[in-house]
Amino acid sequence: MSYRNKIVTVFGGSGFIGRHLIRRLARTGAVIRVAVRRPAGANFLKTAGAVGQIVPIACDIRKDESVALALKGADLVVNLTGTLYEREPWTFRTVHVDGPARIARLAKAAGVQRLVHISAIGADARGAAGYARSKAAGEAAVLEAFPEATILRPSIVFGPEDQFFNRFAAMAQVSPVLPLIGGGKTRFQPVYVGDVADAIVGALTADDAAGRTYELGGPGVYTFRQLMERMLGEIRRKRLLVPVPWGAAGTLGGILEKVPLGAPLLTRDQVEMLRHDNVVAADAPGLKELGVTPTALEVILPTYLFRFIVGGRSPMSNPVELRQRYPE
Ligand SMILES: NC(=O)c1ccc[n+]([C@@H]2O[C@H](COP(=O)([O-])OP(=O)(O)OC[C@H]3O[C@@H](n4cnc5c(N)ncnc54)[C@H](OP(=O)(O)O)[C@@H]3O)[C@@H](O)[C@H]2O)c1
(Lines give C-alpha, C1' and ligand atoms only; values in the text may rest on other atoms or scores of the structure.)
Protein backbone atom coordinates (compact mmCIF):
# COMPACT_ATOMS: atom_id res chain seq x y z
CA MET A 1 0.00 0.00 0.00
CA SER A 2 1.30 3.48 -0.83
CA TYR A 3 0.55 6.75 0.95
CA ARG A 4 2.95 8.74 -1.21
CA ASN A 5 1.91 12.42 -1.18
CA LYS A 6 -0.20 11.88 1.95
CA ILE A 7 0.39 13.43 5.36
CA VAL A 8 -0.26 11.31 8.44
CA THR A 9 -0.34 13.00 11.86
CA VAL A 10 0.34 10.66 14.77
CA PHE A 11 -0.45 12.14 18.19
CA GLY A 12 1.64 10.41 20.89
CA GLY A 13 3.80 8.75 18.23
CA SER A 14 6.99 8.70 20.31
CA GLY A 15 5.77 6.02 22.74
CA PHE A 16 5.89 2.24 22.77
CA ILE A 17 3.26 1.55 20.10
CA GLY A 18 4.12 4.74 18.21
CA ARG A 19 7.69 3.74 17.34
CA HIS A 20 6.47 0.51 15.71
CA LEU A 21 3.68 2.31 13.86
CA ILE A 22 6.00 5.03 12.53
CA ARG A 23 8.35 2.40 11.03
CA ARG A 24 5.44 0.82 9.18
CA LEU A 25 4.00 4.14 8.02
CA ALA A 26 7.43 5.23 6.77
CA ARG A 27 7.43 2.29 4.35
CA THR A 28 4.22 3.61 2.75
CA GLY A 29 6.01 6.78 1.60
CA ALA A 30 3.77 9.10 3.66
CA VAL A 31 5.08 12.22 5.35
CA ILE A 32 4.61 11.59 9.06
CA ARG A 33 4.09 14.29 11.66
CA VAL A 34 4.75 13.04 15.17
CA ALA A 35 2.82 15.36 17.51
CA VAL A 36 4.10 15.08 21.09
CA ARG A 37 4.76 17.26 24.10
CA ARG A 38 8.53 16.93 23.82
CA PRO A 39 9.57 16.70 20.13
CA ALA A 40 13.22 16.13 21.14
CA GLY A 41 12.03 12.80 22.56
CA ALA A 42 10.79 11.82 19.08
CA ASN A 43 13.96 12.71 17.13
CA PHE A 44 15.13 9.09 17.28
CA LEU A 45 12.25 8.20 14.93
CA LYS A 46 13.66 10.26 12.05
CA THR A 47 16.06 7.50 10.98
CA ALA A 48 13.08 5.24 10.22
CA GLY A 49 12.39 7.26 7.06
CA ALA A 50 13.99 9.32 4.33
CA VAL A 51 15.40 12.78 5.11
CA GLY A 52 12.47 15.05 6.05
CA GLN A 53 9.88 12.25 5.94
CA ILE A 54 9.33 11.99 9.70
CA VAL A 55 8.78 15.32 11.41
CA PRO A 56 8.44 15.57 15.21
CA ILE A 57 6.43 18.64 16.27
CA ALA A 58 5.50 20.07 19.65
CA CYS A 59 1.81 19.77 20.42
CA ASP A 60 -0.29 20.58 23.45
CA ILE A 61 -3.53 18.61 23.16
CA ARG A 62 -5.16 21.11 25.57
CA LYS A 63 -4.98 23.90 23.00
CA ASP A 64 -7.06 24.27 19.83
CA GLU A 65 -4.42 26.23 17.93
CA SER A 66 -1.69 23.70 18.73
CA VAL A 67 -3.79 20.71 17.63
CA ALA A 68 -5.00 22.56 14.50
CA LEU A 69 -1.38 23.21 13.51
CA ALA A 70 -0.51 19.52 13.89
CA LEU A 71 -3.51 18.66 11.69
CA LYS A 72 -2.89 21.22 8.96
CA GLY A 73 -3.05 19.46 5.57
CA ALA A 74 -3.22 15.99 7.17
CA ASP A 75 -5.03 13.22 5.28
CA LEU A 76 -4.90 10.55 7.97
CA VAL A 77 -4.70 10.81 11.77
CA VAL A 78 -3.84 8.38 14.55
CA ASN A 79 -4.23 9.23 18.23
CA LEU A 80 -1.99 7.25 20.59
CA THR A 81 -1.86 9.68 23.51
CA GLY A 82 -2.59 7.96 26.77
CA THR A 83 -1.50 7.68 30.38
CA LEU A 84 -1.76 5.03 33.11
CA TYR A 85 -1.67 7.55 35.95
CA GLU A 86 -2.66 11.14 36.67
CA ARG A 87 -0.16 13.92 37.35
CA GLU A 88 -1.43 17.50 37.28
CA PRO A 89 -2.13 19.00 34.81
CA TRP A 90 -2.33 15.68 32.92
CA THR A 91 -5.48 14.11 34.34
CA PHE A 92 -7.32 11.16 32.73
CA ARG A 93 -9.95 13.67 31.64
CA THR A 94 -7.38 15.91 29.90
CA VAL A 95 -5.47 13.11 28.13
CA HIS A 96 -8.22 10.52 27.45
CA VAL A 97 -11.34 12.66 26.95
CA ASP A 98 -10.80 16.36 26.24
CA GLY A 99 -7.65 15.85 24.10
CA PRO A 100 -9.17 13.15 21.87
CA ALA A 101 -12.41 15.16 21.57
CA ARG A 102 -10.40 18.19 20.43
CA ILE A 103 -8.38 16.11 17.94
CA ALA A 104 -11.57 14.57 16.50
CA ARG A 105 -13.41 17.90 16.23
CA LEU A 106 -10.51 19.72 14.59
CA ALA A 107 -9.71 16.73 12.34
CA LYS A 108 -13.30 16.83 11.06
CA ALA A 109 -13.05 20.58 10.48
CA ALA A 110 -9.74 20.12 8.63
CA GLY A 111 -11.25 17.57 6.23
CA VAL A 112 -9.18 14.61 7.48
CA GLN A 113 -10.19 11.39 5.68
CA ARG A 114 -9.50 8.79 8.36
CA LEU A 115 -9.07 8.93 12.14
CA VAL A 116 -7.92 5.95 14.21
CA HIS A 117 -8.23 6.36 17.98
CA ILE A 118 -6.48 3.98 20.38
CA SER A 119 -8.54 3.18 23.46
CA ALA A 120 -8.19 0.05 25.65
CA ILE A 121 -10.05 -3.14 26.53
CA GLY A 122 -11.79 -2.39 29.79
CA ALA A 123 -13.09 1.01 28.63
CA ASP A 124 -16.31 1.22 30.62
CA ALA A 125 -18.50 4.26 31.27
CA ARG A 126 -19.66 2.73 34.57
CA GLY A 127 -16.27 1.28 35.58
CA ALA A 128 -14.87 1.81 39.07
CA ALA A 129 -11.44 2.84 37.68
CA GLY A 130 -10.94 6.39 36.42
CA TYR A 131 -8.82 4.96 33.56
CA ALA A 132 -11.73 2.77 32.37
CA ARG A 133 -14.31 5.55 32.63
CA SER A 134 -12.11 8.10 30.87
CA LYS A 135 -11.26 5.72 28.02
CA ALA A 136 -15.01 5.09 27.49
CA ALA A 137 -15.80 8.82 27.63
CA GLY A 138 -12.96 9.45 25.14
CA GLU A 139 -14.38 6.92 22.67
CA ALA A 140 -17.84 8.52 22.91
CA ALA A 141 -16.44 12.02 22.45
CA VAL A 142 -14.38 10.98 19.41
CA LEU A 143 -17.34 9.27 17.73
CA GLU A 144 -19.62 12.23 18.41
CA ALA A 145 -17.23 14.62 16.63
CA PHE A 146 -15.99 12.17 13.96
CA PRO A 147 -18.55 9.34 13.50
CA GLU A 148 -16.38 7.55 10.89
CA ALA A 149 -13.46 7.22 13.31
CA THR A 150 -12.13 3.71 14.00
CA ILE A 151 -11.62 2.77 17.65
CA LEU A 152 -9.02 0.14 18.54
CA ARG A 153 -9.00 -1.39 22.02
CA PRO A 154 -5.88 -3.46 22.72
CA SER A 155 -5.44 -5.82 25.67
CA ILE A 156 -2.04 -5.56 27.33
CA VAL A 157 0.60 -4.93 24.63
CA PHE A 158 3.96 -6.73 24.72
CA GLY A 159 7.18 -6.20 22.79
CA PRO A 160 10.80 -5.05 23.23
CA GLU A 161 10.06 -1.78 25.03
CA ASP A 162 6.93 -2.83 26.96
CA GLN A 163 6.29 -1.64 30.48
CA PHE A 164 4.89 -4.95 31.66
CA PHE A 165 7.30 -7.85 31.15
CA ASN A 166 10.36 -5.58 31.23
CA ARG A 167 9.24 -4.06 34.50
CA PHE A 168 8.55 -7.36 36.26
CA ALA A 169 11.73 -8.93 34.84
CA ALA A 170 13.73 -5.97 36.18
CA MET A 171 12.01 -6.43 39.55
CA ALA A 172 12.95 -10.13 39.51
CA GLN A 173 16.61 -9.17 39.10
CA VAL A 174 16.68 -7.48 42.48
CA SER A 175 13.81 -8.98 44.50
CA PRO A 176 13.38 -12.55 45.77
CA VAL A 177 9.56 -12.17 45.61
CA LEU A 178 7.07 -10.87 43.05
CA PRO A 179 3.56 -9.71 43.98
CA LEU A 180 0.42 -11.37 42.60
CA ILE A 181 -2.14 -8.59 42.94
CA GLY A 182 -5.50 -10.04 44.01
CA GLY A 183 -3.99 -13.54 43.86
CA GLY A 184 -2.95 -13.30 40.21
CA LYS A 185 -6.20 -14.73 38.79
CA THR A 186 -7.04 -11.82 36.44
CA ARG A 187 -6.97 -12.97 32.80
CA PHE A 188 -5.15 -11.16 29.97
CA GLN A 189 -4.87 -11.66 26.23
CA PRO A 190 -1.47 -10.08 25.46
CA VAL A 191 -1.10 -8.70 21.96
CA TYR A 192 2.20 -8.13 20.14
CA VAL A 193 3.07 -4.47 19.53
CA GLY A 194 3.92 -5.21 15.88
CA ASP A 195 0.42 -6.65 15.41
CA VAL A 196 -1.15 -3.56 16.99
CA ALA A 197 0.87 -1.35 14.60
CA ASP A 198 -0.25 -3.50 11.64
CA ALA A 199 -3.85 -3.25 12.86
CA ILE A 200 -3.62 0.55 12.94
CA VAL A 201 -2.34 0.61 9.35
CA GLY A 202 -5.13 -1.83 8.43
CA ALA A 203 -7.72 0.43 10.09
CA LEU A 204 -6.40 3.47 8.19
CA THR A 205 -6.76 1.57 4.94
CA ALA A 206 -9.86 -0.68 5.09
CA ASP A 207 -13.08 1.03 4.00
CA ASP A 208 -15.22 -1.11 6.28
CA ALA A 209 -13.20 -0.06 9.35
CA ALA A 210 -14.78 3.40 9.39
CA GLY A 211 -17.08 3.85 12.39
CA ARG A 212 -16.22 0.42 13.87
CA THR A 213 -14.67 -0.61 17.19
CA TYR A 214 -12.15 -3.46 17.27
CA GLU A 215 -10.73 -5.35 20.25
CA LEU A 216 -7.14 -6.50 19.82
CA GLY A 217 -5.85 -9.58 21.63
CA GLY A 218 -3.20 -12.20 20.94
CA PRO A 219 -3.74 -15.93 20.33
CA GLY A 220 -3.58 -16.91 24.02
CA VAL A 221 -5.34 -16.03 27.29
CA TYR A 222 -3.26 -16.21 30.49
CA THR A 223 -3.81 -15.40 34.15
CA PHE A 224 -1.50 -12.85 35.74
CA ARG A 225 0.18 -15.72 37.60
CA GLN A 226 0.80 -17.62 34.34
CA LEU A 227 2.34 -14.49 32.79
CA MET A 228 4.70 -14.12 35.74
CA GLU A 229 5.62 -17.82 35.56
CA ARG A 230 6.31 -17.57 31.82
CA MET A 231 8.43 -14.44 32.28
CA LEU A 232 10.45 -16.11 35.08
CA GLY A 233 10.92 -19.18 32.88
CA GLU A 234 12.28 -17.01 30.08
CA ILE A 235 14.79 -15.26 32.32
CA ARG A 236 15.61 -18.53 34.14
CA ARG A 237 15.03 -17.26 37.61
CA LYS A 238 13.03 -18.79 40.44
CA ARG A 239 11.15 -16.25 42.49
CA LEU A 240 8.45 -16.58 45.12
CA LEU A 241 5.08 -15.41 43.77
CA VAL A 242 3.27 -13.89 46.74
CA PRO A 243 -0.50 -13.28 46.54
CA VAL A 244 -1.40 -9.75 47.68
CA PRO A 245 -5.10 -9.35 48.69
CA TRP A 246 -7.03 -6.60 46.92
CA GLY A 247 -7.31 -4.42 50.04
CA ALA A 248 -3.56 -4.54 50.73
CA ALA A 249 -2.81 -3.90 47.03
CA GLY A 250 -5.05 -0.81 47.12
CA THR A 251 -3.23 0.50 50.19
CA LEU A 252 0.14 -0.15 48.53
CA GLY A 253 -1.08 1.65 45.36
CA GLY A 254 -2.18 4.60 47.51
CA ILE A 255 1.34 4.91 48.92
CA LEU A 256 3.27 4.31 45.68
CA GLU A 257 1.18 6.75 43.64
CA LYS A 258 2.32 9.56 45.95
CA VAL A 259 6.01 9.01 45.15
CA PRO A 260 6.69 12.04 42.95
CA LEU A 261 9.52 10.49 40.89
CA GLY A 262 8.66 9.29 37.37
CA ALA A 263 5.83 6.84 36.65
CA PRO A 264 4.43 5.30 39.84
CA LEU A 265 5.03 1.53 40.23
CA LEU A 266 1.37 1.03 41.15
CA THR A 267 -1.70 3.21 41.73
CA ARG A 268 -5.07 2.53 43.35
CA ASP A 269 -6.66 3.02 39.94
CA GLN A 270 -4.43 0.33 38.39
CA VAL A 271 -5.40 -2.07 41.20
CA GLU A 272 -9.04 -1.34 40.37
CA MET A 273 -8.37 -2.12 36.67
CA LEU A 274 -6.68 -5.40 37.66
CA ARG A 275 -9.93 -6.60 39.24
CA HIS A 276 -11.39 -7.17 35.78
CA ASP A 277 -10.34 -9.63 33.10
CA ASN A 278 -8.68 -7.95 30.12
CA VAL A 279 -9.71 -10.20 27.23
CA VAL A 280 -11.38 -9.65 23.86
CA ALA A 281 -15.21 -9.86 23.88
CA ALA A 282 -16.47 -12.97 22.05
CA ASP A 283 -18.48 -10.96 19.49
CA ALA A 284 -15.97 -8.12 18.89
CA PRO A 285 -14.18 -7.76 15.55
CA GLY A 286 -10.42 -7.85 16.03
CA LEU A 287 -7.03 -8.47 14.44
CA LYS A 288 -8.39 -11.01 11.96
CA GLU A 289 -10.94 -8.55 10.55
CA LEU A 290 -8.08 -6.07 10.05
CA GLY A 291 -6.05 -8.64 8.13
CA VAL A 292 -3.54 -9.36 10.92
CA THR A 293 -2.52 -12.85 12.11
CA PRO A 294 -1.80 -12.66 15.86
CA THR A 295 1.76 -13.46 16.95
CA ALA A 296 2.25 -15.78 19.95
CA LEU A 297 3.77 -14.49 23.17
CA GLU A 298 6.06 -17.53 23.26
CA VAL A 299 7.70 -16.48 19.97
CA ILE A 300 8.46 -12.88 20.91
CA LEU A 301 9.29 -12.96 24.65
CA PRO A 302 12.67 -14.73 24.21
CA THR A 303 13.76 -12.11 21.67
CA TYR A 304 13.86 -9.33 24.26
CA LEU A 305 13.78 -10.83 27.75
CA PHE A 306 17.13 -12.59 27.22
CA ARG A 307 18.88 -9.51 28.59
CA PHE A 308 17.52 -10.37 32.04
CA ILE A 309 19.11 -13.84 31.99
CA VAL A 310 22.23 -13.98 34.13
CA GLY A 311 24.99 -13.38 31.60
CA GLY A 312 22.48 -11.98 29.09
CA ARG A 313 22.83 -14.86 26.64
CA SER A 314 20.22 -14.93 23.88
CA PRO A 315 18.54 -18.33 23.37
CA MET A 316 18.01 -17.19 19.77
CA SER A 317 21.75 -17.26 19.20
CA ASN A 318 22.16 -20.85 20.37
CA PRO A 319 21.30 -23.31 17.54
CA VAL A 320 20.83 -26.27 19.93
CA GLU A 321 18.40 -24.42 22.14
CA LEU A 322 16.66 -22.92 19.12
CA ARG A 323 15.99 -26.45 17.79
CA GLN A 324 14.63 -27.55 21.18
CA ARG A 325 12.23 -24.63 21.25
CA TYR A 326 11.09 -24.88 17.65
CA PRO A 327 11.58 -28.57 16.75
CA GLU A 328 10.10 -28.42 13.25
N1 LIG B 1 0.83 -0.36 26.09
C2 LIG B 1 -0.26 -1.05 26.42
O3 LIG B 1 -0.18 -2.16 26.99
C4 LIG B 1 -1.63 -0.50 26.06
C5 LIG B 1 -2.75 -1.31 26.29
C6 LIG B 1 -4.01 -0.80 25.98
C7 LIG B 1 -4.14 0.47 25.46
N8 LIG B 1 -3.03 1.24 25.25
C9 LIG B 1 -3.22 2.58 24.72
O10 LIG B 1 -2.44 2.75 23.54
C11 LIG B 1 -2.00 4.11 23.44
C12 LIG B 1 -0.49 4.15 23.24
O13 LIG B 1 0.11 3.43 24.31
P14 LIG B 1 1.69 3.33 24.49
O15 LIG B 1 1.93 2.10 25.29
O16 LIG B 1 2.38 3.53 23.22
O17 LIG B 1 1.91 4.59 25.46
P18 LIG B 1 3.27 5.37 25.80
O19 LIG B 1 4.47 4.56 25.47
O20 LIG B 1 3.13 5.85 27.20
O21 LIG B 1 3.22 6.59 24.81
C22 LIG B 1 2.26 7.57 24.97
C23 LIG B 1 2.52 8.68 24.00
O24 LIG B 1 1.60 9.70 24.29
C25 LIG B 1 2.31 10.93 24.49
N26 LIG B 1 1.60 11.64 25.55
C27 LIG B 1 1.39 11.24 26.80
N28 LIG B 1 0.70 12.20 27.45
C29 LIG B 1 0.50 13.18 26.54
C30 LIG B 1 -0.14 14.41 26.60
N31 LIG B 1 -0.68 14.83 27.73
N32 LIG B 1 -0.19 15.19 25.48
C33 LIG B 1 0.39 14.76 24.35
N34 LIG B 1 1.01 13.60 24.23
C35 LIG B 1 1.07 12.82 25.34
C36 LIG B 1 3.74 10.57 24.83
O37 LIG B 1 4.67 11.51 24.34
P38 LIG B 1 5.16 12.78 25.21
O39 LIG B 1 5.31 12.29 26.62
O40 LIG B 1 6.43 13.25 24.60
O41 LIG B 1 4.09 13.76 25.05
C42 LIG B 1 3.91 9.28 24.05
O43 LIG B 1 4.31 9.57 22.74
C44 LIG B 1 -2.47 4.82 24.70
O45 LIG B 1 -3.68 5.47 24.44
C46 LIG B 1 -2.72 3.67 25.67
O47 LIG B 1 -3.71 3.98 26.62
C48 LIG B 1 -1.77 0.79 25.54
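## Asparagine 166 and its partners

The side chain of asparagine 166 makes a polar contact with the side chain of arginine 307, at 2.8 Å. A polar contact is a pair of N or O atoms within 3.5 Å; within protein, one atom must be able to donate a hydrogen and the other to accept it, and residues adjacent in sequence count only if both atoms are side-chain atoms. A polar atom of the asparagine 166 side chain also lies 2.9 Å from the backbone oxygen of aspartate 162.

Asparagine 166 belongs to helix H5 (residues 165–174). Helices (H or I, at least four residues) and strands (E, at least two) are DSSP runs, numbered from the N terminus. With a relative accessibility of 11%, asparagine 166 counts as buried. Buried means under 20% relative accessible area, exposed means over 50%, and partly exposed lies in between (1.4 Å probe, protein chains only). Leaving out residues up to four places away in sequence, asparagine 166 touches Gly159, Pro160, Glu161, Tyr304, Leu305, Arg307 and Phe308; contact means heavy atoms within 4.5 Å.

## Basis of the description

This is a predicted model, in which local features need pLDDT of at least 70 and side-chain atom pairs count only at pLDDT 80 or more, while totals for chains, interfaces and linings use all residues. Residues are numbered from 1 along each chain as its sequence is written, and side-chain values use heavy atoms, with hydrogens and water left out.

## The ligand and its shell

The ligand has 24 residues around it, of which Ser14, Phe16, Arg37, Trp90 and Lys135 come nearest; a residue is near a molecule or strand if one of its heavy atoms lies within 4 Å of it. An N or O atom in the side chain of arginine 37 is 2.8 Å from an oxygen atom of the ligand. The backbone is also involved: a backbone N or O atom of glycine 12 lies 3.0 Å from a ligand oxygen atom, and for glycine 15 the corresponding distance is 3.2 Å.

On its own, the ligand has 880 Å² of accessible area, of which the protein covers 83%. Accessible areas come from the Shrake-Rupley method with a 1.4 Å probe; for residues, only the protein chains shown count as cover. Helix H1 (16–27) and helix H4 (130–145) are the elements that give two or more residues to the shell around the ligand. The shell consists of 13 nonpolar, eight polar and three charged residues. Here Ala, Val, Leu, Ile, Met, Phe, Trp, Tyr, Cys and Pro count as nonpolar, Asp, Glu, Lys and Arg as charged, and the others, Gly among them, as polar.

## Two nonpolar cores

In soluble globular proteins, nonpolar side chains tend to be buried together. The largest nonpolar core of this model has 69 residues, and Phe165, Ile200 and Met231 have the most contacts inside it. A nonpolar core is a set of buried Ala, Val, Leu, Ile, Met, Phe, Trp, Tyr and Cys residues joined through side-chain atoms within 4.5 Å. Helix H6 (residues 193–205) supplies the largest share of this core, eight residues. Another core, of 22 residues, lies apart from it and includes Phe11, Trp90, Ala107 and Phe146.

Methionine 231 is in contact with Phe165, Phe168, Ala169, Leu178 and Leu305, when its neighbours within four places in sequence are left aside.

Most residues other than glycine have a negative phi, and most peptide bonds are trans. A cis peptide bond, with omega about 5 degrees, joins glutamate 88 and proline 89. Proline 89 is in the loop between strand S4 (76–79) and H3. Threonine 94 lies in helix H3 (residues 92–109) and touches Pro89, together with Ile61, Arg62, Gly99 and Pro100, not counting residues up to four places away in sequence. Its relative accessibility of 13% places threonine 94 among the buried residues.

Asparagine 5 has a positive phi, near 70 degrees, and is found in the segment before strand S1 (7–11). Asparagine 5 is exposed, with a relative accessible area of 78%, and touches Gly29 and Asp75, not counting residues up to four places away in sequence. Arginine 236 also has a positive phi, near 55 degrees; this residue lies in the loop between helix H7 (224–235) and strand S13 (240–244). Arginine 236 is partly exposed, at 39% relative accessible area.
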